[in-house]
Amino acid sequence: MLKIYLLLYYEFFKIGIFALGGGYASLPFLYYLQSKYNWFSINELTNMIAVSNITPGPIGINMATYTGYKTAGIIGSIISTTAIVTVPFILTIIFIKLFNKYQSCNAVNNIFLGLRPASCALLASIGLKLLYQTLALSDTNTLTAVNIDYSALILFICLIIPFSLIKKNPLLIIIAGALGGILIKTFI
Amino acid sequence: MNNSLFEILKIFSIIGIQLLGGGYVIVPLLKKYLVEERKWMSEEELVNFYAMSQCLPGIIACNIAICAGYKARGILGSIMAVLGIILPSFICIILLANVLSAIVSYNIIKNAFWGIRISVIILILVTIKDIWSKSVNSKYTYLLFFTVLFSFLLLPLSPAVIIILSALISLIYGSIKRGKNA
């Protein structure tokens, strides 16, 4: 058992270092784990992805918890979750300490003058990519009038109009989306 | 300003519960709870943290929570913040692990999460509208915004590469501009 714990820590420690940019970045690593150790089946892996999507929290964390749990119980899930945040935690703390130390320096100010619009644009492009994936029906790759998912478009318009006018409450938007999804898919 | 460790854990758990549909909604949630309600940091700092989180390894939502926790209460604060983000999902998965794969196959759950995906998109779009004026406010920043937007949409580049490139370009641009003014 101890060997599995150590392996779990080691593998998720690696995922923490190399999975740059968002939860789905850890997916290829999980496929690799599956083929290397056979801790879980491909079918279970597919379930893990679906489960990670419906439980709260960042998808990468959910996958680590679920994989750890399926492999070695509660202790396994604690180990894999701790492992995946170890390196990012240390690096983030070092980074923010450096930032605090040098933030009055001109060079750092110049860098952040550019980083703010750049990360704003990254967030915007993630939004647009998700929008494209949701509006275009999944079996086609081009967005033309023929294969737009009209029910998604309707829900999008119904939600964005009120929520761009009133004061935004993230939870309210999430709940409205869930209810809207159920209503539209049931009746259309 | 009540920033006891328990308060930090509490707020980040509340944020963690609402992190549905992936980590993307962390920015709007931090903006609501920490910038607007508690004023632990400014909007500009939030965008700075988001940029930093993107060029570091790890899960972006966790990295940005670590930054925000550190800002509130040093290293202990960042430990509480990351714990708070992880706890709700952790508990949820442990309690439901054995039934979750069955739950996922219910149509009503599928449909709700299909709708939540659209909510996530809307949250991202309205957040950009809000943080826009703090980040994109000069000819240079406009140019950078649209260059990054189109290059990330059209080219297979990693976000980390884009962030590092824009940092370098801005560093050079800043020193040239200062050279001219001097």
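What pLDDT does chain A average, and what share of the residues score at least 70? The model is predicted; chain A averages a pLDDT of 84, and 91% of the residues reach a score of at least 70. Among the elements of chain A, the highest mean pLDDT, 91, belongs to helix 4 (residues 59-102) of chain A, and the lowest, 77, to helix 3 (residues 42-54) of chain A. Where pLDDT is low, the predicted coordinates should not be read in detail.

**Aromatic pairs**

Over all chains, the structure holds 9 aromatic pairs. One of them joins Tyr37(A) and Trp39(A). The planes of these two rings stand at 10°, and planes under 30 degrees apart count as stacked, so this pair is stacked. Trp39(A) has a relative accessible area of 16% and is therefore buried, the limit being under 20%.

A pair in chain B is edge-to-face: Trp132(B) with Tyr142(B). This pair links distant parts of the chain, since Trp132(B) belongs to helix 5 (residues 107-135) of chain B and Tyr142(B) to helix 6 (residues 139-154) of chain B, 10 residues apart. Trp132(B) is partly exposed at a relative accessible area of 22%, and Tyr142(B) is also partly exposed, at 38%. Both residues belong to one aromatic cluster, together with Phe145(B), Phe146(B) and Phe150(B).

The two pairs are listed here with their geometry.

| Pair | Centre to centre | Angle between planes |
|---|---|---|
| Tyr37(A) and Trp39(A) | 4.4 Å | 10° |
| Trp132(B) and Tyr142(B) | 5.6 Å | 75° |

**Charges over rings**

Which residue lies over the face of Phe152(B)? It is Lys129(A), at 4.1 Å from the ring centre. Within chain B, the charged end of Lys32(B) sits over the ring of Tyr33(B), at 4.2 Å from its centre.

Ile61(A) lies in helix 4 of chain A. Is Ile61(A) buried or exposed? Its relative accessibility is 0%, so Ile61(A) counts as buried. Leaving aside neighbours within four places in sequence, Ile61(A) is in contact with Thr81(A), Ile84(A) and Val85(A) in chain A, and with Ile59(B), Cys62(B), Ile86(B) and Ser89(B) in chain B. Ile61(A) and Thr81(A) are 20 residues apart in sequence, while their C-alpha atoms are 6.3 Å apart in space.

Notes:
Residues are numbered from 1 along each chain as its sequence is written. Chains are lettered from A and ligands numbered from 1 in the order in which they are written. This is a predicted model: local features need pLDDT of at least 70, side-chain atom pairs count only at pLDDT 80 or more; totals for chains, interfaces and linings use all residues. Side-chain values use heavy atoms; hydrogens and water are left out. pLDDT is the predictor's confidence in each residue, from 0 to 100. Helices (H or I, at least four residues) and strands (E, at least two) are DSSP runs, numbered from the N terminus. Rings of Phe, Tyr and Trp (its six-membered ring) pair if their centres lie within 6.5 Å; planes under 30 degrees apart count as stacked, over 60 as edge-to-face and the rest as tilted. Buried means under 20% relative accessible area, exposed over 50%, partly exposed in between (1.4 Å probe, protein chains only). A charge sits over a ring if NZ of Lys or CZ of Arg is within 6 Å of the ring centre and within 35 degrees of the ring normal. Contact means heavy atoms within 4.5 Å.
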